[in-house]
Amino acid sequence: MKQSVFLGTLAATTLFAGMALAQGTSTLDTVKARGELNCGVNTGLVGFAAPDASGNWQGFDVALCKAVAGAIFGDASKVVYIPTTSSDRFEQLTSGKIDFLIRNTTWTFSRDTDLNMDFVGVNYYDGQGFMVRKDLGVSSAKELNGATICIQTGTTTELNLADYFKANNMTYTAVPIETNAEGEQQYLAGACDAYTTDASGLAATRAAFADPENHIILPEIISKEPLGPAVRHGDSAWGDVIRWTMNALVAAEEFGITSANIEELATSSQNPEIQRLLGTSDNLGAMIGLDADWAKNAIKASGNYGEIFAATIGESTPIGLARGLNAQWTQGGLLYTPPFR
Amino acid sequence: MAVVTEEPKAGFRLGMLIYDTRYRSITIQIVVLMLVMLGAAWLIDNLLRNLDALGRGISFGFLWNRAGYDINQTLVEYTNDSSHARATLVGLLNTLLIAVLGCIAATVVGVIAGVLRLSKNWVIARLMTIYVEIFRNIPLLLWILMIYTVFTEALPAPNAFRGDTPAASMVLFDTVAFTNRYTAIPWLIFDRSLGWLPLGPLWLNLDLALILAALVGGFLINRTILRRATRIQEATGLRPTTWWQSLLALFGPIIVVFLALGTHLDSPSLQGFNFTGGLQVSNSLVALWLALTLYTAAFIAEIVRAGINAISRGQSEAAFALGLRPGRTMNLIILPQALRVIIPPLISQYLNLTKNSSLAIAVGYMDLRGTLGGITLNQTGRGLEAMMLLMLIYLIISLLISSAMNVYNNSVKLKER
């Protein structure tokens with residue numbers, strides 16, 4: 001009896017202790033030694049991160065995983081995709097199960113400080129919206145007083161919703177759901193009048209409906225949702241790798257480097273900015289512990305930011321998102337990378 | 001012949017702790033206990049140290065921060081400005097509500113099914129066997145999801161009640177509406193409400209307290225009347241007619257209270273997106289309650305059947321010989337004796353039901369797991385703390401149920417004199 005209690009305690013506590021394994025060496029060294037990148041992605045949100053028909057992960061977030069793997073190993077395929085739910089994603093990161101988190105996660109003050117994560121940038125500027133059936137006759141979120149609203153629990157959207165209805169002196173009934181699939185089912189069955197989540201997520205969800213034309217996304221965007229990758233707090237060297245890989249993709253679009261012309265530009269470009277980025281002059285890679293051609297490999301993985309956007313969630317895809325805030329600063333958007341020098 | 005008589009050595013040597021069989025077992029137990037405690041201390045220390053290294057030391061301060069989220073079923077006052085502790089209390093009350101409703105219904109259904117399974121009527125007995133086997137052998141989560149999905153998919157949305165020729169209509173003289181979100185039923189409104197009495201974190205609803213007092217009072221008066229009738233019956237052999245007195249005692253006080261409070265019914269009506277007025281019983285509550293009830297009742301039926309089978313046939317034969325009808329034999333002879341076999345396993349079924357209610361998360365019913373273990377945990381990121389608190393609360397609820405049932409068990413078990 002005593003022994004079984006002891007073994008039970010041992011097992012239980014080792015579980016917790018294992019969760020909190022101290023991170024001795026830098027994550028970059030660990031990843032290099034492992035030979036694979038553990039990337040924490042969404043369990044399945046078409047356009048951002050979802051396995052395709054043949055089981056390969058595809059999407060906007062997945063492309064960043066590939067780019068980072070490209071920057072580290074020179075091989076974009078060396079990624080292990082680890083699906084995380086909205087409720088377990090932070091534990092997965094702090095426990096070291098994933099090397100970094102890229103899962104439509106909103107950068108907020110408390111997550112950055114209290115939860116001991118470091119957000120290294122924004123890869124998609126989003127905002128929370130509402131989707132309703134067209135025949136409901138609602139054209140503005142302000143008309144949703146008294147409505148029943150489906151919401152994914154454990155997300156920032158839950159708090160935004162409460163704030164928005166309070167600020168506008170309206171009431172609502174929340175139907176809390178765990179996953180996007182469950183939300184879809186409840187919404188389509190009419191168990192809720194409106195479905196709310198990030199506008200990009202709504203577009204992705206609607207694209208998967210049998211009758212997308214019968215549903216509209218209301219014009220109100222009720223919150224700021226800067227989505228971005230996060231690493232563990234204090235893991236700054238590793239954070240630099242993710243941040244600058246992301247910046248490289250943005251800079252590549254700004255400089256007109258695409259997956260089609262990258263080899264040519266790497267050898268022939270006389271533009272010093274492009275030369276520095278692609279590693280033909282100044283060895284920037286060495287400063288973050290990577291090869292000289294790290295950025296080139298990252299861009300080669302699935303193209304520059306604009307190419308990735310167009311291929312996964314852009315207007316020509318079923319999801320059909322406009323660039324909007326996610327255009328280059330030169331085009332009136334918010335994408336603005338610090339200089340590579 | 002030299003007999004060496006050695007004086008038994010008085011006193012105690014350290015070696016005796018190992019070699020003396022009187023002390024050995026105690027020594028071993030103490031050593032093992034110390035090792036267990038050392039091991040646990042090392043593991044806990046390890047955990048705390050690692051959490052500290054991650055900057056995630058254990059702290060329960062988050063409980064007093066603003067919760068910021070809304071809960072769709074609140075038995076006590078709650079807004080999104082309330083604290084996480086308050087949200088935990090709301091969740092706890094929702095858990096207790098489903099547990100109490102479930103335990104009562106499961107007991108009723110379980111006893112009926114258990115008795116009927118022993119029925120001499122072949123069809124009824126087989127039907128009950130089918131019920132028990134189906135519900136016992138399919139995971140509870142599937143039942144919860146299935147019942148909820150049936151509600152969601154089969155019932156009309158509130159929208160369908162709109163218009164001149166609505167696709168759906170209310171039932172029971174236009175007072176009850178079954179929708180795929182909730183069942184809207186008429187509810188009592190008190191014109192002369194007594195309001196609330198603040199008592200720490202819980203506010204006492206005076207109307208509810210008065211109604212409960214009237215119910216309990218009526219029940220106690222009725223019991224006195226019945227006891228008096230029994231006394232007269234034992235003394236004279238004639239039982240006085242008491243049915244009108246019982247009716248008066250049971251319903252008189254409550255009717256007086258309702259009249260005094262100015263009670264009338266408020267019927268639900270469709271306004272905007274949803275029904276307003278009356279009471280909206282959410283489908284998640286009903287689905288969870290039905291599933292928990294039917295699932296646990298299947299186990300209780302088996303316990304009841306085993307309890308009844310445990311009573312020797314001689315008891316019922318003796319009762320029949322005395323001329324008691326089968327119904328009275330069951331109520332007066334068999335069930336009271338079967339109870340002492342039934343109660344102990346019944347306790348664990350009540351505990352199971354209470355713990356199983358944490359599956360509520362599957363249908364979005366905001367119980368303790370949904371508030372403290374769900375939204376609060378996610379919003380604050382305090383996973384370890386929230387889970388420890390959750391475990392502690394469930395442990396306390398379970399221990400309370402089990403000790404209350406043990407008290408009851410002591411009162412019905414075979415008195416050995």
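# A walk through chains A and B

Start by selecting residues 36–265 of chain A: over this stretch the chain is 34% helix and 24% strand, and its end C-alpha atoms sit 29 Å apart. Before going on, keep in mind that you are looking at a predicted model.

You can pick out 13 helices and 14 strands in it. Its radius of gyration is 22 Å, close to the 20 Å that the globule rule gives for 341 residues, so chain A is as compact as a globular protein of that length. Of the 341 residues, 48% count as buried. Among the contacts in chain A with a separation of 6 or more, 73% are between residues 24 or more positions apart.

Next, colour chain A by domain. Domain 1 is made of two pieces, 25–125 + 227–331, while domain 2 covers 128–223. Their C-alpha centres lie 29 Å apart, and the contact between them takes 16 residues from domain 1 of chain A and 13 residues from domain 2 of chain A.

Bring chain B back and go to the place where the chains touch. Here 41 residues of chain A are in contact with 38 residues of chain B. On the chain A side, the elements giving two or more residues are helix H1 (2–19), helix H4 (89–94), strand E9 (147–152), helix H6 (156–167) and strand E10 (172–177). Select H1(A) if you want the biggest contributor to this side: it gives nine residues.

Time to look inside. The largest nonpolar core has 143 residues, and those with the most contacts inside it include A:Cys65, A:Val68, B:Ile144 and B:Leu288. Helix H8 (residues 283–309) of chain B gives the most to this core, with 16 residues. Zoom in on A:Cys65: leaving aside neighbours within four places in sequence, it is in contact with A:Leu37, A:Cys39, A:Val41, A:Val79, A:Tyr81 and A:Ile102. There is also a second, separate core of seven residues, which includes B:Leu368, B:Leu372, B:Leu377 and B:Tyr394.

Stay on chain B and colour its domains: domain 1 (60–96), domain 2 (152–186 + 267–284), domain 3 (187–264) and domain 4 (310–362). Taken over C-alpha atoms, the centres of domain 1 and domain 4 of chain B are separated by 39 Å.

For a bit of sheet, select strands E1, E2 and E9 of chain B: they form an open sheet of three strands in the order E1-E2-E9, with antiparallel pairing. Strand E1 (177–178) and strand E9 (279–282) stand at the edges with a single partner strand each, so one side of each is left without a neighbour in the sheet. Strand E2 (residues 182–185) pairs with E9(B) over four bridges, in the antiparallel sense. Look there for B:Thr183, which stands opposite B:Val281 in E9(B).

Last stop: B:Val216, in helix H6 (residues 206–236) of chain B. Is B:Val216 buried or exposed? With 11 C-beta neighbours inside 10 Å, B:Val216 counts as exposed, the cut-off for that being 12 or fewer. To finish, draw a distance from B:Val216 to B:Leu118: C-alpha to C-alpha they are 35 Å apart in space, and 98 residues apart in sequence.

Definitions and conventions:
Residues are numbered from 1 along each chain as its sequence is written. Chains are lettered from A and ligands numbered from 1 in the order in which they are written. This is a predicted model: local features need pLDDT of at least 70, side-chain atom pairs count only at pLDDT 80 or more; totals for chains, interfaces and linings use all residues. A nonpolar core is a set of buried Ala, Val, Leu, Ile, Met, Phe, Trp, Tyr and Cys residues joined through C-beta atoms within 7 Å. A residue is buried if 20 or more other C-beta atoms lie within 10 Å of its own, exposed if 12 or fewer, and partly exposed in between; C-beta atoms are placed from the backbone. Two residues are in contact if their C-beta atoms, placed from the backbone, lie within 7 Å. Domain bounds come from an automatic or database domain assignment. The radius of gyration is taken over C-alpha atoms; the globule rule is 2.2 Å times the number of residues to the power 0.38. Two strands pair if DSSP finds at least two bridges between them.
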